[in-house]
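My notes follow in the order I made them.

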Amino acid sequence: MRKRINNRAWLMVLPVLFLVAMSAVIPLMTVVNYSVQDIFDDNNRVYVGLEWFIQIIRDPELHAALWRQILFSANVLAIEIPLGILIAKAMPRRGSVATGLLIFFAIPLLIPWNVVGTIWQIFARPDIGMAGMSLTSLGLDYNYTANPVDAWFTLVAMDVWHWTSLVVLLVFSGLRAIPEAYYEAAQIDGANRWQMFRHIELPRLKTVLGIAVLLRLMDSLMIYTEPFVLTGGGPGNSTTFLSQYLTRMAVGQFDLGPAAAFSLVYFIMILTLCWLFYSLISPAEEQTER
Amino acid sequence: MSWMAWTPVTAIFFTAIILAVIVMTLWELKSPTVLRKGLLWFATTRGDRFFMCLLGSAIIHILWIATTDIEPAVATLVCLISAVLVMRYA
Amino acid sequence: MAHVSLNNISHAYNANTDSETQVLTDISLDIPHGSAHALLGASGTGKTTLLKIISGLLIPTEGDLLVDGRRVNTDSPRERNIAQVFQFPVLYEHISVFENLAFPLRNRKVPLTEIHTRVKQTAELLEIDNLLSGKTTGLSIFDKQKVSLGRALVRNDVSAILLDEPLTAVEPSAKWRLRQKLKELQQELSLTMIYVTHDQLEAMTFAEQISVMHEGRIIQTASPRELVEKPQHEHVGFFIGMPGMNFLPTDSTACLSPPKGATKAGFRPDQAFVSTKQGHNSLQVAVIDQQALSTHLGESWGLLTCKYQDIEIRTRQHLNLNVGSTAWLHIDNPHFFRNGWRMTGQAEVTQGNA
Amino acid sequence: MKQSQSVVANSVIFVYSCYLILPLYWLFSMSIQSSQDITTNAGWYPKSPTMANFQEIFTNPVWYEGFLNSLTYVLINSTISIIVALPAAYAFSRYRFLGDKHLFFWLLSNRMAPPAVFLLPFFNMYSSLGLFDTPLAVALAHCLFTVPLAVWILEGFMSSVPRQIDELALLDGHSFVHFFCRIFLPLIRAGIGVTVFFCFMFSWVELLLARTLTASAAKPIAVVMTRTISASGIDWGLLAAAGVLTILPGLVVVFFVRNYLTRGFALGRV
């Protein structure tokens, strides 16, 4: 059955439109305005054209932050997605044990992001943290506040701790939606475990996996609070990601113009990535009738 | 509204985009678009192609600034040409 | 194709625990090579469980399952070579119709050229060869079920094909076409087919032998005709036929001269008629409804409903009485039942000897 | 074969559970120790447990007001998000209209915008509106990503309700408003629960915008926590205790929607 065409439906969307216009369009326009001016105060500003963009786009520090960001997002996705699938598959499909595990797994998602940072700070510190103390007592020279590699590992471990559960919940709910008959048919067709995963589960998980990757990609590209609390971007600049860099510029140094230009470039990057991904995963679904 | 820090250039820029959106809407009302499969791997509507033009222009400008010292106005020209191509063939 | 036999199979979920629930009791069944067999019963009578046991998805807690005389109880579904068509079409949506048909063959490492010829043949047989290259999404349920059937037919070594209410989801207009196709293929290729359904019409038109299931037991296995004429159990009489059998307690119908020990007398709507004349062993009834089915030479034929004491009785006859009038019910050779089971002559049918 | 498989599965679950629980255990263990003990006498378990940290939080107004502030803006945000998202989600799930797909993607793209991008304009905008340092400002700012999310999730739930129900109800002579509130909303109450859960989640865990839009009066708990660093160093015990308390509201919410959680995820579509 097709949806009816009705342009009056716009009326129902208006409240959302108004609210999001307030909180997205006007600020975005403002960012564009800032990005082409050198602002001293409200009444004292100079039009500088694309100067800030040129400065920002060619900033080597920003390039470094961008590569770190890409490396981090790739790292995190490569770990969390397969791990999430593995755990979801290992979970019992129904019953109170499954519900209990779900609640338990959801805990990290509900902790304020700065508290996540705090937890890992406490957990990983070599002087008072459980992980830190254990690694040190094993004879490893571990100190995430001084050693960039250790900091990187800690950060990835933290993100995996924080977000794998999201993938687990998504994949689990996808698995649960697969009718039992599909497994029975495959068994009768003589499929082995891998073939069942490949031909029954994976195709049916396509949508949820798409959502999982999209969400994790977006959120990992925006990561700010957790590294801010855990490492403060250090040691050196080894864990300074794009958001840290931006916030430091905007709030720390109050460089409105460059910060705005950077914001726009940053936003366009994420938008492009997500749009590409979105158009990769959605077209098949568009026309299917249900 | 002074905190929004408008400048004539950005005002023109946004007016142009809003006008373009309005024109697209009227065009759509007059002759509804058809889903079309062009050079890309997925079918697009006229609105999709318009969006791709805008996003594409932004990216072309960014890459332009990142790689060359040539006047960015040339990039704008490149964008216009590519926009026509996208609207026609994508 | 093969000969499938079940010997004294019982099954309980959660066997040997507190929550043990018996779903199948003492099922014995013999399905010879190339026959069409139906399992008929209301939902929840264990038909699907029995099917799962045959296909190997469940291992019965008791009894033996033999395929061509070989005990296969613990063989995996793959080793048994049994195919199944489900209530709803189960297809692999991300691959083409061709690949769907080839899937069971690929899993068994059949050589590529043979896969091609077999898939082609099967598709022609089912008249879906024009769909082969397309995806399965977007096909009608009728075509989808044909593809699922094709997955069963494509394997030449398959011992039996199980059909679990395969027409449920199919569009009403296509139901009979698919049933026709099934029957045709079954006869043409002399396939062993086991067809599960709750629809007696489907079972009767499809199968040579029907097993009627009730509360986890098979209460009778017989040809469609025999089921109608000689129901072994009250439930068979009640379940088969449109409408089902009428029952009267024997203690209030002594005029029917029931044999010793009989508890109920049963008769089909066409084994009785109501008229205004009193016969020597007729019962006085009140006519409460008439439903015309056809008219012949100005007389209507149809179902007549009347009431004897509190029991409603239906007969198939001339409708020449007035609703609300009092009349006489004549019963012709009723069956007698004792504790549910039919008595033959003076001897009682022994339980389980169905 | 089945047996060995479930052993593998159980050990995967067990290892992951340990990984999740250990940092939480450590946080809890820290929260019932004094700072002194933590720095000088660290061990695998608290040697002299004390409730002093929690006592400090419950008696010091800066701390518990932080909690109240956070809860206030989270509640305002969830309410606004649900109210505006319901009609919009209905429109998306029931009708096609000019530009619907673009609008939907645009809404989603707001979820993709890094909050850092909007820091400055938000600060200026809410200052000029006189909303700076109020819970309402934070609530409205968080609508930026909770509203698109709410529309997205609710649309999924609404699409799973057959459209015939709408038509039947309207044929029966119910007015649209009556139908929507009395018939339709009860049908998707699971979806509303899940939506509240997500709005709560994203508003509760966010720090950057909340910190930028508040100064003193509306300071959320997360921000209070970042200021436990005093001249004598970080008060680890107090920090851990506050951390433990910030986990509790989330636990309460997830407990209430536990049965709908997977459905919410399964129905969310891109």
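**Chains B and A**

I began with chain B and chain A, which bury about 2,400 Å² between them, 75% of it on carbon and sulfur atoms. Buried area here is the accessible area (1.4 Å probe) that two parts lose on being put together, summed over both. The model is predicted, so I note that local features need pLDDT of at least 70 and side-chain atom pairs count only at pLDDT 80 or more, while totals for chains, interfaces and linings use all residues. Residues are numbered from 1 along each chain as its sequence is written, chains are lettered from A and ligands numbered from 1 in the order in which they are written, and side-chain values use heavy atoms, with hydrogens and water left out.

I found 25 residues of chain B in contact (heavy atoms within 4.5 Å) with 27 residues of chain A. I then looked for salt bridges (a side-chain nitrogen of Lys or Arg within 4 Å of a carboxyl oxygen of Asp or Glu). The rule finds one across this interface. R58(A) forms a salt bridge with D69(B), and their closest N and O atoms are 2.8 Å apart. On the side of chain B that touches chain A, the largest share comes from α2(B), with eight residues. Helices are DSSP runs (H or I, at least four residues), numbered from the N terminus.

**Chains A and D**

Next I turned to chain A and chain D, which bury about 9,200 Å² between them, 79% of it on carbon and sulfur atoms. K3(A), M12(A) and L110(A) supply 8% of the area that chain A buries against chain D, more than any other three residues. The contact takes 99 residues from chain A and 99 residues from chain D. How many salt bridges does the rule find across the interface of chain A and chain D? I noted zero. Helix α1 (residues 9–35) of chain A gives the most to the side of chain A that touches chain D, with 19 residues.

**Helix α7 of chain A**

Last, I looked up helix α7 (residues 148–176) of chain A, which has 29 residues. From first C-alpha to last, α7(A) reaches 41 Å, close to the 42 Å expected at 1.5 Å times one less than its number of residues. α7(A) bends by about 35° at W163(A), the bend being the angle between axes fitted to the seven residues ending there and the seven starting there. I counted 24 of the 29 residues of α7(A) as buried, that is, under 20% relative accessible area (1.4 Å probe, protein chains only).

Technical notes
Helix = DSSP H or I, 4+ residues; strand = E, 2+ residues; numbered from the N terminus. Buried < 20%, exposed > 50% of the residue type's maximum accessible area, 1.4 Å probe, protein only.
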